Amino acid sequence: MPSILSEPRFHNEAVAFEFVEAALWPNGPVCKHCGETNRIGKLKGKTTRAGLYKCYACRKPFTVRMGTIFESSHVPLRVWLQVIHLICASKKGMSTQQIHRTIGGSMTTAWFLTHRVRECMKELGWPEAGKLGGEGETLEADETFIGGRAENRAYGPIPPKQSVFALVERDGRVRSFHVPNVTAANLAPIIARHAHPDSRFMTDEANMYARLGTWFVDHQAVNHSAKQYVRGDAYTNTMEGFFSILKRGIYGVYQHVSEAHLHRYLAEFDFRYSYRIKTGFDDRKRADRALLGAKDKRLTYRSTGGSRAAQASA
Ligand SMILES: [Zn+2]
């Protein structure tokens, strides 16, 4: 069986450009300056850099990297594709150190690459991202805490406890949110924005869900404090499964995630869970999906927190 890592897009810059162009320009090249799609020529020549086009409408050159997470980065596109593949194919994520050891370059570059790839995985930023659930579908909602426990920490001070709330479709997608604390006031806007009211809604018996549950066609709660975990199809075990992957990843691979960056890691775990084998995505399709998220997400070094954060959260 041929290794996926031996595929040419990971090694040949021209092929990498063709691959990204096919994904981001399904109908052919688009001038980033003026939107022209017809009068465009590909610049060829021994000294011309890969993927360079010229627009004959506005007379300006452009590449597929412009306006994406790849813009203003010196990292070759084939290395970007390697990093996207590695992060998409690792169920529990891949640490910045591991990426750094695999692709070489500086630790700061590795940190920057991994955060930009997480930016691609932010489904909430996609135009087609509607609400979870819908008629005939079941949504589970639950909360968990990241950090705050000594046994999850190999060394150093115990990081403060962070609250995470999540919504998951049974057999479908998940979205999780870093919230200051788990209260009806904090959860209400998230549920209103992300959960379709035609869904059946499954939670534990926390008081806040009694009121929020009335927004749905049906609400079932299981009493976890009385050790009741399943009553018919009333359970939140789908969520338990997701939280377990999230925690194994955060404690085992990333070890410590700073409060400021937790939402980025949540986007990464949400993405891999939502686009898994069960929903029709193998490693290759998952990486292709993440690549689509590169579009219209130019992210500056400053907006990711800069080098101080690189040292703190590496
Ligand atoms: Zn143009």
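Strands β7 (residues 200-204) and β8 (residues 218-222) run parallel and are joined by 5 bridges. Here, strands (E, at least two residues) and helices (H or I, at least four) are DSSP runs numbered from the N terminus, and two strands pair if DSSP finds at least two bridges between them. This is a predicted model, in which local features need pLDDT of at least 70 and side-chain atom pairs count only at pLDDT 80 or more, while totals for chains, interfaces and linings use all residues. Residues are numbered from 1 along each chain as its sequence is written, and side-chain values use heavy atoms, with hydrogens and water left out.

- Together with helix α6 (residues 207-212), β7 and β8 make a right-handed β-α-β unit; right-handed says that, with the strands pointing away from the viewer, the path from the first strand over the helix to the second runs clockwise.
- Both strands belong to an open sheet of 5 strands, in the order β6-β5-β4-β7-β8 and with mixed pairing.
- At the edges stand β6 (174-179) and β8, each with a single partner strand, so one side of each is left without a neighbour in the sheet.
- From one strand to the next, the twist averages 20 degrees; angles run from 0 to 180 degrees between N-to-C directions, and axes are lines fitted to C-alpha atoms, for helices over the stretch in contact.

**Helices lying across that sheet**

- Helix α7 (residues 237-254) lies across β4 (138-146), β5 (162-169) and β6, and runs at about 30 degrees to β4.
- Helix α8 lies across β5 and β6, running at about 165 degrees to β6.

**The α4 and α8 pair**

- Helix α8 (residues 262-274) also packs with helix α4 (residues 107-120), at an angle of about 60 degrees and with the axes 8 Å apart.
- α4 and α8 are therefore oblique to each other; angles under 35 degrees count as roughly parallel, over 145 as roughly antiparallel, 65 to 115 as roughly perpendicular and the rest as oblique.
- Their crossing is left-handed, a label used if the near helix is turned anticlockwise from the far one by less than a right angle, with right-handed used if clockwise.
- His115, Arg118 and Glu119 of α4 make the contact with Arg264, Tyr265, Ala267 and Glu268 of α8, where contact means heavy atoms within 4.5 Å.
- Sorted by class, these contact residues are 2 nonpolar, 1 polar and 4 charged; Ala, Val, Leu, Ile, Met, Phe, Trp, Tyr, Cys and Pro count as nonpolar, Asp, Glu, Lys and Arg as charged, and the others, Gly among them, as polar.

**Helix α2 and its partners**

- Helix α2 (residues 77-89) packs with helix α3 (residues 96-103) at about 140 degrees, their axes being 11 Å apart.
- That angle makes α2 oblique to α3, and the crossing is right-handed.
- On the α2 side of this contact are Val79, Gln82, Val83, Leu86 and Ile87, and they meet Ile99, Thr102 and Ile103 in α3.
- The contact of α2 with α3 has 6 nonpolar and 2 polar residues, and no charged ones.
- With helix α9 (residues 283-292), α2 has axes that come within 9 Å and cross at roughly 120 degrees.
- α2 is thus oblique to α9, again with a right-handed crossing.
- Leu81, Ile84, His85, Cys88 and Ala89 of α2 meet Asp283, Arg286, Ala287, Ala290 and Leu291 of α9.
- This contact of α2 with α9 comprises 7 nonpolar, 1 polar and 2 charged residues.

**The three-stranded sheet**

- A further open sheet has 3 strands in the order β1-β2-β3, with antiparallel pairing.
- Its edge strands, β1 (40-42) and β3 (61-62), each pair on one side only.
- β1 and strand β2 (residues 53-55) run antiparallel and are joined by 3 bridges, with Gly41 opposite Lys54 of β2.
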